[in-house]
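Hi,

Here is the structure I promised to pass on. Have a look at it first, and then read my notes below.

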Amino acid sequence: MGKKKLDRINENWGPKYSRPEFRHGEPDKKYAMVIDLRKCVGCHACSIACKQENEVPLKHYRSWVKKIEKGTYPNVKTFNLPRLCNQCDRPPCVLACPVRASFKREDGITLVDFNRCMGCKACIAACPYNARFMNEGPYTNHDPEHTEYKDTADKCSFCAHRVDNGALPACVLSCMTKARVFGDMNDPNSEVSKLIHLYPTQLIKAGLGTEPKVFYIDADTSIMGRVQEEKR
Amino acid sequence: MVFQEVYNVQHGLIWGLLITSFPFFTGLSAGSFTLSTLAYVFDKKEYKVISKNAVLMAIVLLLMANMTLLADTTQPTRIYNTFLYPNIASMFSWATFIISAYLLCSLIYAYYIFTGNDKFAKIMGIICIPVALGVHADTGFVFGLNKGMVLWHTALMPVLFLVSALTSGIALLIVVVVIKEKFFPDEKKVDPEIIYSIGNLLIFFLVLEFFLDIVDITTMLYSAAEEYEAIMLWLSGPLSFSFIWIQIVIGGIIPLLILSHPKTGRTYFGQGLAAALVVIGTFAMRFNVIVGGQMIPKSEAGLVPYTHEIGYIGYTLIEEIMLLSGIILFGIVAYILALKYTPKIVTLVDGIIGKNANDSSTEVPFELEE
Ligand code: SF4
Ligand code: SF4
């Protein structure tokens with residue numbers, strides 16, 4: 001990413017999350033991510049990249065890699081499941097927010113308005129995916145005026161500040177095996193569309209009807225939700 | 001299949017003791033408010049003596065509930081946003097509006113009771129009862145609509161909350177009246193028969209709550225694997241002591257026995273003890289539901305431990321207990337002060353409002369004063 005692009009990010013990413021153009025996004029797009037677990041090696045690079053990009057404080061993660069071991073010796077394997085906010089199409093977190101601080105843009109990205117959130121935690125309870133946390137801050141979130149936010153709900157934003165300016169999310173860029181693919185689902189020629197249409201995909205807790213926009217390829221459904229652990 | 005969690009991010013509790021006591025307080029409030037309307041709306045004149053106590057208690061408890069809610073949000077100064085940007089789908093958003101309406105109309109209702117204006121008290125009471133019950137049903141929805149939370153996500157939740165609200169509200173009123181009779185005997189006497197008949201009401205609601213609990217648990221036991229595991233948290237998991245012994249035995253069976261036994265049920269001591277146990281049991285119920293629900297993880301293995309270290313509560317346990325004690329202390333002081341000064345305040349308000357209020361109060365000249 002060149003310096004010019006970075007400048008543009010900093011220019012366009014306004015201090016106010018409530019700015020109208022920011023709240024809407026591009027109406028004809030629908031962003032989605034495909035995570036190809038055949039390629040994922042479980043290196044946690046995405047978790048680190050996300051932490052650096054978004055100033056995620058200690059003990060919290062916007063994106064992390066779940067590792068589950070299945071089976072007993074000699075038939076045993078570790079399964080990786082990179083996790084992030086699913087950017088649900090029918091997001092329970094948005095329904096739960098009493099002040100409409102959590103909102104959904106037309107391009108499918110669900111965001112938190114840090115200026116408005118009052119920290120009631122209703123959205124954290126509502127999200128079935130554990131994607132949200134309380135950010136104690138202080139964090140500026142790429143605010144050019146360096147306004148410091150603190151004590152609000154926070155979650156993966158699909159790196160909306162980068163995506164709005166034509167860059168890829170930090171986790172996608174950092175993935176060394178290119179397991180994470182990001183793009184516009186409405187565009188039939190985009191890589192995500194092709195992957196979604198060509199391969200069987202899995203969704204986390206698809207039965208809840210939240211319509212997640214993060215698709216997995218070759219995921220073991222038994223480890224995607226709550227893991228029923230059995231001690232050896 | 002054998003699974004083992006090698007690495008995962010732990011997501012801890014969201015809501016701790018403060019939010020546990022929020023429905024506890026609103027429940028007590030709704031219950032005692034409904035009791036105070038018995039005399040005016042349902043024409044049960046014998047309950048009139050306790051109406052004043054009950055309505056003041058309802059208002060104080062509602063204030064306490066709001067304080068717990070405010071203390072729990074991390075940005076309490078932005079609470080005005082709930083009025084600026086209401087969200088029709090959010091039960092929390094509804095809660096602010098219903099609670100405000102409830103506070104307003106219970107204040108007006110209390111004013112009419114204290115000026116002895118029976119007719120208007122009845123009208124306000126009729127308006128208020130659905131609002132008071134709505135507050136609590138809404139609290140049930142706040143928890144019951146989270147589809148990620150297996151233990152909470154049941155249609156019974158609002159009903160369960162409503163019934164336990166009435167139970168605990170009635171019980172707390174009995175405790176307060178009994179304490180008043182025991183320790184301040186020189187004040188106006190409440191007829192023991194009235195307390196006993198409220199005790200009978202308590203029996204009815206206790207049985208109803210039992211029934212709902214059994215329905216809930218049985219359905220969960222026969223549901224999907226996750227629900228089965230969730231309910232096992234209550235029956236044999238870390239919450240089993242709090243559930244079986246405190247909620248069911250101490251908060252349900254023992255009070256039922258005390259109340260229904262002809263000897264103990266008809267003494268002040270028996271009534272007071274049973275009612276106090278019911279209040280404790282209801283708090284345990286709130287704890288089991290709210291903290292218990294969060295102990296079922298959404299993506300991790302095992303159970304989320306009840307600790308304030310990981311998670312988003314924002315306070316340590318000691319801080320929460322201290323805040324809660326402060327709020328309870330405020331409630332007790334406010335209630336005592338309210339009992340003492342409300343008649344004066346009412347006359348003051350009368351003076352400010354002027355003619356209208358005076359007129360209406362002369363129409364019905366202090367019918368209330370027994
Ligand atoms: S994953 Fe959770 S936080 Fe993300 S959109 Fe869905 S409900 Fe909201
Ligand atoms: S914590 Fe903030 S974003 Fe979440 S529901 Fe409450 S006000 Fe909305």
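Let's start with ligand 2. In this predicted model, the residues around ligand 2 include four cysteines of chain A, namely Cys97(A), Cys117(A), Cys120(A) and Cys123(A). Also in that shell are Pro98(A), Val99(A), Ala101(A), Ser102(A), Met118(A), Gly119(A), Lys121(A) and Ala153(A).

Ligand 1 has 14 residues around it, and the nearest are Cys85(A), Asn86(A), Cys88(A), Cys93(A) and Cys127(A). Its shell splits into nine nonpolar, three polar and two charged residues.

Two of the names around ligand 2, Met118(A) and Lys121(A), turn up again where the chains meet. So what does the interface look like? Chain A brings 57 residues into contact with 46 residues of chain B. Between them, the two chains bury about 4,800 Å², with carbon and sulfur atoms giving 53% of that area. On the chain A side, Met118(A), Lys121(A) and Arg226(A) lose the most area to chain B, and together they make up 17% of what that side buries.

How many salt bridges are there between chain A and chain B? The count is two. Lys121(A) has a salt bridge to Asp72(B), at 3.5 Å from N to O. Over all chains, the count comes to eleven. Another one to look at is Arg62(A) with Asp154(A), whose closest N and O atoms are 2.8 Å apart. Arg62(A) sits in the loop between α3 (45–54) and β2 (64–72) of chain A, while Asp154(A) belongs to strand β7 (residues 152–154) of chain A, so this pair ties together parts that lie 92 residues apart in sequence.

Over in chain B, please check the second largest pocket. About 340 Å³ of space lies in it. Its lining has 16 residues, and the ones closest to its centre are Leu56(B), Ile59(B), Leu107(B), Thr342(B) and Ile345(B). Which helices of chain B each supply at least two residues of that lining? They are α2 (48–72), α4 (91–115) and α11 (317–353). With eight residues, α11(B) gives the most. As for class, the lining of this pocket has 15 nonpolar residues, one polar residue and no charged ones.

Finally, two spots in the backbone of chain A. Most residues other than glycine have a negative phi, and most peptide bonds are trans. Glu55(A) is not a glycine, yet its phi is positive, about 50°. You'll find Glu55(A) in the loop between α3 and β2 of chain A. The other spot is the peptide bond between Tyr73(A) and Pro74(A), which is cis, with omega at about 5°. Pro74(A) is placed in the loop between β2 and β3 (75–83) of chain A.

Happy to go through any of this with you.

Cheers

Definitions and conventions:
Residues numbered from 1 in each chain as written. Chains lettered and ligands numbered in written order. Predicted model: local features only at pLDDT ≥ 70, side-chain atom pairs only at ≥ 80, totals over all residues. Heavy atoms only, no water. Near = heavy atom within 4 Å. 1 Å grid on protein atoms, 1.4 Å probe; cavity = no way out; pocket = protein on both sides within 12 Å on 5 of 7 lines; lining within 4 Å. Points joined across faces, edges and corners; volume = space filled by probe spheres on them. Helix = DSSP H or I, 4+ residues; strand = E, 2+ residues; numbered from the N terminus. Nonpolar A, V, L, I, M, F, W, Y, C, P; charged D, E, K, R; others polar. Contact = heavy atoms within 4.5 Å. Buried area = accessible area lost by both parts, 1.4 Å probe. Salt bridge = Lys/Arg side-chain N within 4 Å of Asp/Glu carboxyl O.
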